Amino acid sequence: MTGPPARLPIGLQLARSARVVSQAFERAMTEAGGSASAWQVLLLVRSGQWDNQARMADAMGITGATLTHHLNALERQGLVRRWREQSNRRVQRVELTDEGIALFDRLREVAMAHDTRLRSHLSEDETDQLAALLDKLAAGVADAAPVRP
């Protein structure tokens, strides 16, 4: 055995950092009366960029069934309204209710404060560099064949 590596593997460091950041975000969202997943769904619905649930699920990186679960919960809470188009019953539309808009606004403030907190120890150049490096890491995973030891 050769001993511990000189540097922590980048994937492990990234996973640990992501977990810390995600847990802090989830706590902040919960304290504001929501959740990270509810925020993501509300954000997608509010943006109006997604013409169907399959594309919304893809944007979130989840299955259609998982998105349906989230939408069902939000609908039960009175935060979203869903209906089928009369001209094409296969198409289901989603919009925020007044209560959903109020929660969206509250969670947006929390998300912005969380982002400010994340950037608090980084200069603008470091923030830009980090964004570029994260894109490169994602591209490396997406483009490369699995590495065999």
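**Ground rules.** The model is predicted, so I take local features at pLDDT of at least 70 and side-chain atom pairs at pLDDT 80 or more, while totals for chains, interfaces and linings use all residues. Residues are numbered from 1 along each chain as its sequence is written, and side-chain values use heavy atoms, with hydrogens and water left out.

**Confidence.** I checked pLDDT, the predictor's confidence in each residue, from 0 to 100. The protein chain averages 89, and 91% of the residues score at least 70. Helix 5 (residues 98-119) has the highest confidence, at 97. The lowest is in helix 3 (residues 53-60), with a mean of 85.

**Salt bridges.** How many salt bridges does the structure hold? I find 4. I count one when a side-chain nitrogen of Lys or Arg is within 4 Å of a carboxyl oxygen of Asp or Glu. The general idea is friendly enough: side chains of opposite charge can pair when their charged atoms come close.

For exposure I use relative accessible area: buried is under 20%, exposed is over 50%, and partly exposed is in between (1.4 Å probe, protein chains only).

I began my list with helix 5. Arg 119 and Asp 115 both lie there, 4 residues apart, about one turn of the helix. Their side chains meet in a salt bridge, at 2.6 Å from N to O. Arg 119 is partly exposed because its relative accessibility is 42%. Asp 115 is partly exposed too, with 32%.

Arg 108 and Asp 105 also form a salt bridge, at 3.2 Å from N to O. They are 3 residues apart in helix 5, so about one helical turn separates them. I noted 33% relative accessible area for Arg 108, which is partly exposed, and 29% for Asp 105, likewise partly exposed.

Then I looked up Glu 75, which bridges to Arg 82 with the closest N and O atoms 2.8 Å apart. Are these two buried or exposed? Glu 75 is partly exposed, at 32%, whereas Arg 82 counts as buried because its relative accessibility is 16%.

**Surface patches.** My patches are made of residues with over 30% relative accessible area and no salt bridge; like charges are joined within 9 Å, and nonpolar side chains (Val, Leu, Ile, Met, Phe, Trp, Tyr) within 5 Å. Accessible areas come from the Shrake-Rupley method with a 1.4 Å probe, and for residues only the protein chains shown count as cover.

Which residues form the nonpolar patch? They are Ile 10, Leu 14, Leu 122, Leu 130, Leu 134 and Leu 137, with about 490 Å² of accessible area together. Helix 1 (10-31) and helix 6 each supply at least two of its residues. Helix 6 gives the most, with 3 residues. Leu 130 lies in helix 6, and I have it as partly exposed because its relative accessibility is 41%.

I also found a patch of negative charge on the surface, where Glu 124, Asp 125, Glu 126 and Asp 128 gather. For charges, Lys and Arg count as positive and Asp and Glu as negative; His and the chain ends are not counted. The place of a charge is taken as NZ of Lys, CZ of Arg, CG of Asp or CD of Glu. Asp 128 sits in helix 6 (residues 124-143) and is partly exposed, at 47%. Asp 125 is in helix 6 as well, but counts as exposed because its relative accessibility is 61%.

**Distances.** I finished with some C-alpha to C-alpha checks. Asp 125 and Ala 73 are 40 Å apart in space and 52 residues apart in sequence. Arg 76, in helix 4 (residues 64-76), is exposed at 66%.

Ser 47 belongs to helix 2 (residues 36-47) and is partly exposed, at 35%. Ser 47 and Gly 64 are 17 residues apart in sequence and 19 Å apart in space. My last entry is Thr 30 in helix 1, partly exposed at 48%. Its C-alpha atom is separated by 21 Å from that of Arg 16, 14 residues apart along the chain.
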